[in-house]
Amino acid sequence: LLKISYKNQESFLHELIYTSMMIGIKKKIDIQIDEHFHTKNLTQFLKTLKIAKDIVHINNVLFTPISNNQNEFLKKKFKKFDFAVHYSLFERSVSNNFLSNNKNRKIIALRGFGKGLKNFFFNDFYIEQKEHNQKKLNKILLKFNINEIEARALYILHNKAFDKVVISTSNYKNLYQLLKLEKKKIKDKKWKFLE
């Protein structure tokens, strides 16, 4: 999955071709168009994509909607594309409404896990919301006697809105814990609280 910006045709093709040469010209690439894409540039982007497909093996194209442009991606002209969204238990760059309106599309959740809750302090999310959510989350953790890693993993790994989740861990112990949590059944009551 290559995250790439689309500012103009030349820079897009340059980055795409360069990456393809690095990983192997015959390998298929999924392209994630970053969150700075202006939806008004779709026509120009489609022309560029047609050129790119003659040069590079493109498997899939995913757009990255965020809260201030998510409604634009609900329009008919984007219906053939899938999405990569920044979404976790603690932060989300799109609303639940956006997810429910895209049930027929593949959605990949990015930043799904990370090292833990404390490593997400990006300005593109809502600082006030994070503080409020942290207080609510602490109550849930106490109620169900689970830790932050378990809560985050259960939420993201069992969220039916996503086809795939991109995670990162700081060590093998966390990875092993994630693999166990992925197989664990989650009770409806616990899920509702997390959601």
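The axes of helix α1 (residues 9–23) and helix α2 (residues 42–55) come within 10 Å and cross at roughly 30°. Angles under 35 degrees count as roughly parallel, so α1 is roughly parallel to α2. The crossing of the two helices is right-handed. All of this is read from a predicted model.

Which residues make the contact? From α1 come Q9, F12, L13, L16 and I17. They meet Q44, F45, T48, I51, A52 and I55 of α2. Eight of the residues in this contact are nonpolar, three are polar and none is charged.

Charged side chains pair up in salt bridges, and the structure holds three of them. One joins K3 and E35, at 3.2 Å from N to O. K3 sits in strand β1 (residues 2–4), while E35 sits in the loop between β2 (29–33) and α2, so the pair ties together parts that are 32 residues apart in sequence. K3 is partly exposed, with a relative accessible area of 40%. E35 is buried, at 14%.

Another salt bridge links E150 with K184, and here the closest N and O atoms are 2.9 Å apart. This pair also links distant parts of the chain: E150 belongs to helix α5 (residues 148–157), and K184 to the loop between α6 (172–183) and α7 (188–194), 34 residues apart. E150 is buried, at 13% relative accessible area. K184 is partly exposed, at 36%.

There is also the pair of E72 and K75, with the closest N and O atoms 3.1 Å apart. E72 is partly exposed at 28% relative accessibility. K75 is partly exposed at 40%.

Definitions and conventions:
Residues numbered from 1 in each chain as written. Predicted model: local features only at pLDDT ≥ 70, side-chain atom pairs only at ≥ 80, totals over all residues. Heavy atoms only, no water. Axes fitted to C-alpha atoms, helices over the stretch in contact; angles between N-to-C directions. Helix = DSSP H or I, 4+ residues; strand = E, 2+ residues; numbered from the N terminus. Parallel < 35°, antiparallel > 145°, perpendicular 65-115°, else oblique. Left-handed = near helix turned anticlockwise from the far one by under 90°. Contact = heavy atoms within 4.5 Å. Nonpolar A, V, L, I, M, F, W, Y, C, P; charged D, E, K, R; others polar. Salt bridge = Lys/Arg side-chain N within 4 Å of Asp/Glu carboxyl O. Buried < 20%, exposed > 50% of the residue type's maximum accessible area, 1.4 Å probe, protein only.
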